[in-house]
Amino acid sequence: MAVVYAPARETLYQVLGIAENGTVSEMKKAYREMARKYHPDVSAPEMREEHTRRFIMARKAYQTLSDPQSRDLYDRNLATGKQGTEEERGYWWRIRWQAQLDELQKRKQTVPTTMSRY
Amino acid sequence: MMALCTFPFAGPVSKGVGADGQKHTILASQWLGGTDLQCHLDFKNKQARKKSTVVHGSLSEREEYHSQKPPTPLLDTINYPIHMKNLSIKELNQLADELRSDVIFNVSKTGGHLGSSLGVIELTVALHYVFNAPQDRLLWDVGHQSYPHKILTGRRDKMSTLRQTNGLSGFTKRSESEYDCFGAGHSSTTISAGLGMAVGRDLKGRKNNVVAVIGDGAMTAGQAYEAMNNAGYLDSDMIVILNDNKQVSLPTANLDGPIPPVGALSGALSRLQSNRPLRELREVAKGVTKQIGGPMHELASKVDEYARGLISGSGSTLFEELGLYYIGPVDGHNIDDMVAILKEVKSTKTTGPVLIHVVTEKGRGYPYAEKAADKYHGVNKFDPATGKQQKSSSLTQSYTTYFAEALIAEAEVDKDIVAIHAAMGGGTGLNLFLRRFPTRCFDVGIAEQHAVTFAAGLACEGIKPFCAIYSSFLQRGYDQVVHDVDLQKLPVRFAMDRAGLVGSDGPTHCGAFDVAFMACLPNMVVMAPSDEAELFHMVATAAAIDDRPSCFRYPRGNGVGVELPPANKGIPLEVGRGRILIEGERVALLGYGSAVQSCLSAAALLESRGLRLTVADARFCKPLDHALIRSLAKSHDVLITVEEGSIGGFGSHVAQFMALDGLLDGKLKWRPLVLPDRYIDHGSPADQLMEAGLTPYHIAATVFNILGKAREALEIMS
């Protein structure tokens, strides 16, 4: 499965515009609509690049979610935060670094200052 | 995201307005996600209303950004970081937005590095807010992301001179500003320098902070580990900010799409960003709540509290093992978060070295950069509204491209040829080679030392490695060239692009020394093409030399327009043989590499004044064409060697030979023309050549001077 290299702004479900518990037939319908709308062959020349991008995203979303195995893997990744939206990710990260800062404070209180360092 | 719609529109509305009172789009509606643009524009006062019907969402114009620079009321009040100290977080966010548009509009007019600066806008604002430069030392690795830093530290009004002669450097530069505490251009030096500054501070009894910002790409270089290892050992108080945008090689995409980061480090950094333990904990908590019942949000917050305690130990083993305290990952575009963390770390006494892992997006905030595969890393002048870059028109291609094509042609017929580069697939042209031979192109990350020895290892096994490393970057791997390659006489081929002066990147990228440091090696064949056809032949020559190492250097820029060999396949040259281009008398110009073109131009200048010079192309610095030199020395009164390199290079080798051969014992006058014994600042190539004294006019004037015609010399220089 291709790895996404920018923080995902939307989940694959959001790309297709369906709910996370959407059925395969809902997915098919959504994908068909998007394909009709964004296919490069039916796009005006100036919109072609943008539409191609969306078309590719939609196709990727459909391919991943319509196959039960890959959908399951994707859902699990989503749950464990590997493919979350930016806000979700920010939340979890905040918890973690706040803890790290607390720990740093604690550490420095218990570690004796060294007399000479060099 | 950006409060663009609140800016009153002060400038003239119509740029390129059509006769039918055309629309002037500020933002396409989809960029704002379809929000209502009622609040947008204020056409009062000066504008002719008839010209300005704003239609938002005019998709046919495809403008996803401002075409005019929006007002920057807050940034206008900031000349130095001290002016930021009383701002609220909300104002800091506004400042970041204004700073972002300032960077975009400045770079659109001058060209330069864009994506990297956009990725660190929020980080720069947070750093200057929390810390007190220049007493607090702020170091930027490589320095090409320092544009926002420069704007905030007293150089905003000079941004229009960026990368130009006598203007601002495109990198940090100590002599430019006290806020640039360490110069850069090559990567991975800031942790080392920062540690030095931290230890120096401690020895002097000072109390300032030291913060080094380094990218995940620069982290792939060994020096970063050497520095972290030492920092951990010394336990000095300093902060390392790892700016992680998952872009490790340049460009950050090959011809066919984004490049996955090379190396194992990226995987490790990715895993740090995973939220797995937290998420799993929460899932468990959800399950528990279902059974227990009760308000979910209460339990969730308790879980969060416990989670904090539990996961605080989940810092990165990699950095912790080296002795750095790891904090992160942190959203590098959230000023709130970053200010909180930086303040807390700053206020903690004796932290030892702390590494804050900040995650950013290269090109952030400029839609065209975000969408581009190369994130607009380095750009020409461009139109902000459409993102379209100025294309320089040239009849010939760059030497970089010709090199790649030449190597591909060689590799087609010889299966053993492979190519190696250090995170510079685009800059070396090897992305073209990669596309043709995906299994025979090796990107080792920013690791020149490793690249050279890696190539040596390949050569041991009978492979024919071509190491494409810029002249100045090869400096990093010099011992490996000497000890691993030359000493053992392994046939590694070095293709040194960016030889000589390089223009706006300046002295850090200038390839002044490669002739000197390669030609002094006993086993190295050293050659330089005078034009692109010669480059094709030298690639073939290097491929054919299989019993010793070889190298060839070529400049930044485009070919001169000579005919290329058929099918891009060069013919190996006879090693140690130069060629005479023009037969003349009395005065001979012996050029090496691109300088030959200047010699030809000088000869043309002098022809019109009644002098017919001999012009020769040495082709080889090692082994020298002794017969050619003897013949020139014996049949001319004056011999001038010309090269775009430092002292100790071609001219010195020629002098050495002539002296030993007795050629200087007679009436011959020999003069060397080399780069002057100082660093030439960034500027246009023409200005730099002028500053270096190597233009055709300088060569012609030198001829006149030697011939005792001082007046003509002065004339030609004016």
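Modeller: What follows is a conversation about the terms used for this structure and the values behind them.

Modeller: This is a predicted model, in which local features need pLDDT of at least 70 and side-chain atom pairs count only at pLDDT 80 or more, while totals for chains, interfaces and linings use all residues. Residues are numbered from 1 along each chain as its sequence is written, chains are lettered from A and ligands numbered from 1 in the order in which they are written, and side-chain values use heavy atoms, with hydrogens and water left out.

Colleague: What do chain A and chain B hold in helices and strands?

Modeller: Helices (H or I, at least four residues) and strands (E, at least two) are DSSP runs, numbered from the N terminus. By that count chain A has five helices and zero strands, and its pattern along the sequence reads α-α-α-α-α, whereas chain B has 25 helices and 21 strands.

Colleague: How much of chain A and of chain B counts as buried?

Modeller: A residue is buried under 20% relative accessible area, exposed over 50%, and partly exposed in between, with a 1.4 Å probe and protein chains only. Buried residues make up 40% of the 118 residues in chain A, and 58% of the 718 residues of chain B.

Colleague: Why is helix H4 of chain B called largely enclosed?

Modeller: Helix H4(B) covers residues 147–155, and eight of its nine residues are buried, so the helix is largely enclosed by the rest of the structure. Among those buried residues are B:Tyr147, B:His149, B:Lys150 and B:Arg155, and what covers them includes H1, strand S1 (112–113), helix H2 (115–119), H3 and strand S2 (137–140) of chain B.

Colleague: What makes H1(B) oblique to H3(B)?

Modeller: Helix H1 (residues 89–110) and helix H3 (residues 121–130) of chain B pack at an angle of about 125°, with their axes 9 Å apart. The axes are lines fitted to C-alpha atoms, for helices over the stretch in contact, and angles run from 0 to 180 degrees between N-to-C directions. Angles under 35 degrees count as roughly parallel, over 145 as roughly antiparallel, 65 to 115 as roughly perpendicular and the rest as oblique, which makes H1(B) oblique to H3(B). Contact means heavy atoms within 4.5 Å, and on that basis the residues involved include B:Leu95, B:Leu99 and B:Arg100 of H1(B) and B:Glu122, B:Val125 and B:Tyr129 of H3(B).

Colleague: Why are H21(B) and H22(B) called roughly perpendicular?

Modeller: The axes of helix H21 (residues 626–635) and helix H22 (residues 650–660) of chain B come within 11 Å and cross at roughly 70°, and H21(B) and H22(B) are therefore roughly perpendicular to each other. The contact is made by B:His626, B:Ile629, B:Arg630 and B:Ala633 of H21(B) and B:Val654, B:Phe657 and B:Met658 of H22(B).

Colleague: What makes the pair B:Asp514 and B:Arg553 a salt bridge?

Modeller: A salt bridge is a side-chain nitrogen of Lys or Arg within 4 Å of a carboxyl oxygen of Asp or Glu, and the side chains of B:Asp514 and B:Arg553 meet at 2.8 Å, N to O. The pair links distant parts of the chain, with B:Asp514 in helix H18 (residues 514–519) and B:Arg553 in strand S15 (residues 550–553) of chain B, 39 residues apart, and both B:Asp514 and B:Arg553 are buried. B:Arg612 and B:Glu607 also form a salt bridge, at 3.1 Å from N to O, but B:Arg612 is partly exposed at a relative accessible area of 41%, and B:Glu607 is partly exposed at 42%.

Colleague: How do you know that B:Lys375 counts as buried?

Modeller: Its relative accessibility is 11%, so B:Lys375 counts as buried. B:Lys375 lies in the loop between helix H12 (367–371) and strand S9 (378–379) of chain B, and has a positive phi of about 55° although it is not a glycine. B:Arg586, in strand S17 (residues 586–591) of chain B, has a positive phi near 70°, and counts as partly exposed at 39% relative accessibility.

Colleague: Which peptide bond involving B:Pro329 is cis?

Modeller: The bond from B:Gly328 to B:Pro329 is cis, with omega near -5°, and B:Pro329 has its place in strand S7 (residues 325–331) of chain B.
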